[in-house]
Amino acid sequence: QVQLAESGGGLVQAGGSLRLSCTSSVNIVSHYVIGWYRQAPGLQRELVAHIDNSNGRANYTDSVKGRFSISRDKAENAVYLQMNSLQPEDTGVYYCNLRLYVGGPTISWGQGIQVTVST
């Protein structure tokens, strides 16, 4: 089983920034689709952004466009989610997700990391 590890969450004031990292023991930046999902209390898990490592294309949900950026580092075998201008509605547990291709079945989920944005 592929294991994913998230890091970089925490508590930040509105308008602040955080960078989440997703790493794995297997190579996740040369292929696969890496996505960041979040789940707020009482709500369903939603896709925030994903990057298709087969072509480098990124996709974002509308609410984070212009504020969040997903990127990859081959040397570190990591995928990052840079989150700027954070708002309280960005609060939730953020999960790293691995798929073989866009729309394909999930191969693995990370355990999740808390992001809390205070007013």
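**Reading strands, burial and charge**

Reply: Strand β2 (residues 10–13) pairs with β11 in the parallel sense, over 4 bridges. Two strands pair if DSSP finds at least two bridges between them. The model is predicted, so to speak of local features pLDDT of at least 70 is needed, side-chain atom pairs count only at pLDDT 80 or more, and totals for chains, interfaces and linings use all residues. Residues are numbered from 1 along each chain as its sequence is written, and side-chain values use heavy atoms, with hydrogens and water left out.

Me: Which residue of β11 is the bridge partner of Val12?

Reply: The partner of Val12 is Val117. Strand β11 also joins strand β9 (residues 92–99), through 3 bridges, and these two run antiparallel. There, Tyr94 stands opposite Ile113 of β11.

Me: How should I read the two faces of a strand?

Reply: In a regular strand the side chains alternate between the two faces of the sheet. In β11 (residues 113–118), Ile113, Val115 and Val117 form the covered face, whereas Gln114, Thr116 and Ser118 form the uncovered one.

Me: How many helices and strands does the protein have?

Reply: The protein has 0 helices and 11 strands. Helices (H or I, at least four residues) and strands (E, at least two) are DSSP runs, numbered from the N terminus.

Me: What does the radius of gyration say about the overall form?

Reply: This radius is taken over C-alpha atoms, and the globule rule is 2.2 Å times the number of residues to the power 0.38. For 119 residues, a compact globule would have a radius near 14 Å; the protein has 13 Å, which agrees. Its C-alpha atoms fill a box of roughly 40 × 25 × 25 Å along the principal axes.

Me: What percentage of the residues is buried?

Reply: Buried residues make up 45% of the 119 residues. Buried means under 20% relative accessible area, exposed over 50%, and partly exposed in between (1.4 Å probe, protein chains only).

Me: How should I read charged side chains?

Reply: Side chains of opposite charge can pair when their charged atoms come close. A salt bridge is a side-chain nitrogen of Lys or Arg within 4 Å of a carboxyl oxygen of Asp or Glu. The whole structure holds 4 salt bridges.

Me: Which side chains meet Arg38 in a salt bridge?

Reply: Glu46 meets Arg38 at 2.7 Å, N to O, and Asp90 meets Arg38 at 2.9 Å, N to O. Asp90 lies in the loop between β8 (78–83) and β9, and Arg38 in strand β4 (residues 33–39), so this pair ties together parts that are 52 residues apart in sequence. Arg38 counts as buried at 6% relative accessibility, and Asp90 is buried at 1%. Glu46, at 33%, counts as partly exposed.

Me: Where is Asp52, and what does Asp52 touch?

Reply: Asp52 is in strand β5 (residues 46–52). Asp52 is buried yet has no salt bridge; the nearest side chain of opposite charge, Arg57, is 6.9 Å away. Not counting residues up to four places away in sequence, Asp52 touches Tyr32, Val33, Arg57 and Val102, where contact means heavy atoms within 4.5 Å.

Conventions: Lys and Arg count as positive and Asp and Glu as negative; His and the chain ends are not counted.
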